[in-house]
There are 2 protein chains.
Amino acid sequence: MRLALNQATAKHWPLDEAIAGCLGAGLAGIGLWRDQVADFGFDRAVRAVAASGLPVTSLCRGGFFQEDGWYDDNRRAIDEAAALGAPVLVLVSGGLGARTLDDARAHVGEAIGRLVPHALEAGVRLAIEPLHPMYCADRCVVSTLGQALDLAAPHPSAAVGVVIDTYHLWWDDRVWAQLEQAGDRIACFQLADWVTPLPEGVLLGRGLPGQGCVPMRRFRDAVDAVGFSGPIEVEIFNEALWRRPGPEILADVVASYHAALG
Amino acid sequence: MRLALNQATAKHWPLDEAIAGCLGAGLAGIGLWRDQVADFGFDRAVRAVAASGLPVTSLCRGGFFQEDGWYDDNRRAIDEAAALGAPVLVLVSGGLGARTLDDARAHVGEAIGRLVPHALEAGVRLAIEPLHPMYCADRCVVSTLGQALDLAAPHPSAAVGVVIDTYHLWWDDRVWAQLEQAGDRIACFQLADWVTPLPEGVLLGRGLPGQGCVPMRRFRDAVDAVGFSGPIEVEIFNEALWRRPGPEILADVVASYHAALG
């Protein structure tokens, strides 16, 4: 079983209950979010995770490099990932802020370079997540896997990898060739499906695997083909899903995962 | 004066009044939409345009190749463009329909190939418009200028060109190099600005030049650098703008155009 629940899929499920649910369902682990961990209580979360034995697959999110204080905040995020036992810190690199697009993208590269020593020291891998181009202005100027791989290239693979999230990459005709070149850079693999019409703000309209048009098996086969054997997170931002009880969400995640990839 | 008003920017302005407004403001022409022309009355529109002497810069839209009846409908669109004196028919190529993404993109190429003879005969240039990747599933599987240029390449430039719409292309790090290669393929150049947050459905949230983050001058300079000297349409889908009187919309279009490109 490679399936892991990303905590954002069940945003209102208390962490201890989510951990118990994942263990009960035989999942490979859980991906955590800093805001949800903070809501639960950071020290309490560290203890709950450690006591459970459930692997933490990733921590979201570092990044947002356009904001003042990005350096200190990302160092803290690395430390939090280490304390939680998360091998990977997902970087959502931030929008334009006051910069032009070219300058904002260059700044992301510089920022990651400045964080690499601390990440190596902490044993946490930075994972650059390309987000769909519709987020380029305000959320993430890294819009394609090609850009993410170029940003990672100057650094050791143990320090900087990339996130493959099907929701963000499915539209790109070049993604299959880029995946063939991704090699050991794949640090995190996440499933979400593309569903239309998009809601206002375009953040909370994602579908469970199989609800939309993304070829999930093609992505799974492509990451496997370059040697990725890690967990497969299901990460769905969807307000209607969030309103349901955690155990129901988890049951749907498990069922949709098997239906889409089985 | 290269500015042309795309009719979609003033969706509820009757065509005869819009033509008079454009002539009064010294514009280079007007870009038309088939649905708005049909609402006004096709024959009446043909007469109004011809009598005015105002150039028609383009007709939107052909395409939607995923739909049954696409061949006949696109032949009609070509004929309508010819009757209206529009040198260019803009193609919005359509979404996935029942196809996979690869198959849908291949189908677009085949469809365009089937239309080329009729377009040449009618003296109407087909202009492939890459739409932002957020429209890939349901509106246009052609998502980048690179894809549009590849689709155009097998055909004579007089028969098939591309549309450069700033709203759809600004996020793409490769667009500047692709524009350098676009040569005489540029058939239509349209300005719209990227404004967040995006509204539900992501269609009607575009901004006037200068209201968002798109580098308008860089685009203008890039198309000019490869020899494009045609009209520059302002095409804004925005419900708030549409509610205003046509003359006010036109005044804002003129002012924002000069502020953004002057």
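Helix α6 of chain A (residues 145–152) is mostly covered, with 6 of its 8 residues buried. Buried means that 20 or more other C-beta atoms, placed from the backbone, lie within 10 Å of the residue's own. Helices are DSSP runs of H or I of at least four residues, and strands are runs of E of at least two, numbered from the N terminus. The buried residues are A:Leu145, A:Gln147, A:Ala148, A:Leu149, A:Leu151 and A:Ala152. Their cover includes α5 (101–122), β5 (125–128), β6 (160–165), α7 (166–169) and α8 (175–182) of chain A.

The model is predicted: local features need pLDDT of at least 70, side-chain atom pairs count only at pLDDT 80 or more, and totals for chains, interfaces and linings use all residues. Residues are numbered from 1 along each chain as its sequence is written, and chains are lettered from A and ligands numbered from 1 in the order in which they are written. The complex has an ipTM of 0.96 and a pTM of 0.97 from the predictor.

A rotation of 180 degrees, with 0.0 Å of shift along its axis, superposes chain B on chain A (RMSD 0.0 Å). In chain B, the C-alpha of B:Glu200 is nearest the axis, 1.9 Å from it.

The contact takes 22 residues from chain B and 22 residues from chain A. Contact requires C-beta atoms, placed from the backbone, within 7 Å. Of the interface residues of chain B, 100% are also interface residues in chain A, so the copies meet through the same surface.

Terms used
Contact = placed C-beta atoms within 7 Å. Buried ≥ 20, exposed ≤ 12 C-beta atoms within 10 Å, placed from the backbone. Least-squares fit on C-alpha atoms with pLDDT ≥ 70 in both.
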